[in-house]
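Colleague: I am new to this structure and would be grateful for a close look at a single part of it. Please describe one place in the sheet and then relate that place to its surroundings.

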Amino acid sequence: MDESARTTAGKIATGTLTASEVLKACLERLRLHNSAINAVVTLDSQIKNIATLADERVASGGVLAPLHGVPVTIKDAFATTGLLTTSSHPPLRAYVPKQDATAVSRLRSAGALIVGKTNLPELASDSQCWSPLFGPTNNPWNLSFTSGGSSGGSAAAVAMGFSFMDLGSDIGGSIRIPASFSGLIGLK
């Protein structure tokens with residue numbers, strides 16, 4: 001997965017790749033490495049079906065959005081319809097929103113496939129990534145180091161190729177710190 005989300009979306013749109021093939025590669029990397037990294041804490045059980053629908057849209061010649069078929073992950077702080085959204089806060093351990101946060105809705109409208117949710121410290125309030133619900137997210141390049149925080153699961157997921165992008169949040173470095181710890185560029 002050395003390609004950008006934009007390049008991958010272009011290949012999906014032209015039929016060079018299918019959304020299902022791209023998703024399969026991400027899920028395989030996740031299966032092999034997430035137990036050690038602990039970046040993705042919730043998977044969408046319907047994501048393979050959603051990828052199939054994305055492929056059908058390409059095959060039918062439908063109009064495609066800019067991120068059509070590209071796997072992305074979402075920091076567990078953003079409400080995501082039908083997916084556990086805890087913000088790593090024990091009182092929210094079973095919260096499943098009925099509506100997407102605006103940024104999540106915009107990613108869906110752009111055609112992104114939301115693979116799942118990424119780890120963060122409780123209420124996104126730490127510069128390292130340790131969750132009382134899910135445990136720590138380890139640095140993808142050295143498991144004995146932190147991935148940074150608060151979007152530590154976000155950066156680790158992208159660095160490991162579990163997704164092409166992640167929606168994180170940043171007030172005091174919560175995207176930029178984990179990105180730098182993982183060899184990525186993070187935008188506030």
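Modeller: In this predicted model, Ile 74 has Lys 117 of strand 3 as its bridge partner. Strand 2 and strand 3 pair over 5 bridges, in the parallel sense. In general, the strands of a sheet pair through backbone hydrogen bonds, either parallel or antiparallel.

The sheet around this pair is open and consists of 4 strands in the order 1-3-2-6, with mixed pairing. Its edge strands are strand 1 (40–43) and strand 6 (165–167), each of which pairs on one side only. From one strand to the next, the twist averages 35°. Helix 4 lies across strand 2, strand 3 and strand 6, and runs at about 150° to strand 6.

Residues up to four places away in sequence aside, Ile 74 touches Thr 80, Val 104, Leu 107, Ile 114, Gly 116, Lys 117, Thr 118, Asp 166 and Leu 167.

Ile 74 also has a place in the largest nonpolar core, which has 27 residues; Ile 74 and Val 104 are those with the most contacts inside it. Two or more residues of this core come from each of helix 1 (5–14), helix 2 (19–37), helix 3 (47–59), strand 2 (71–75), helix 4 (102–109) and strand 3 (113–118). The element that gives the most to this core is helix 2, with 5 residues. There is also a second, separate core of 8 residues, among them Leu 30, Ala 39, Ala 156 and Met 160.

Note on methods: Residues are numbered from 1 along each chain as its sequence is written. This is a predicted model: local features need pLDDT of at least 70, side-chain atom pairs count only at pLDDT 80 or more; totals for chains, interfaces and linings use all residues. Side-chain values use heavy atoms; hydrogens and water are left out. A nonpolar core is a set of buried Ala, Val, Leu, Ile, Met, Phe, Trp, Tyr and Cys residues joined through side-chain atoms within 4.5 Å. Buried means under 20% relative accessible area, exposed over 50%, partly exposed in between (1.4 Å probe, protein chains only). Contact means heavy atoms within 4.5 Å. Two strands pair if DSSP finds at least two bridges between them. Axes are lines fitted to C-alpha atoms, for helices over the stretch in contact, and angles run from 0 to 180 degrees between N-to-C directions.
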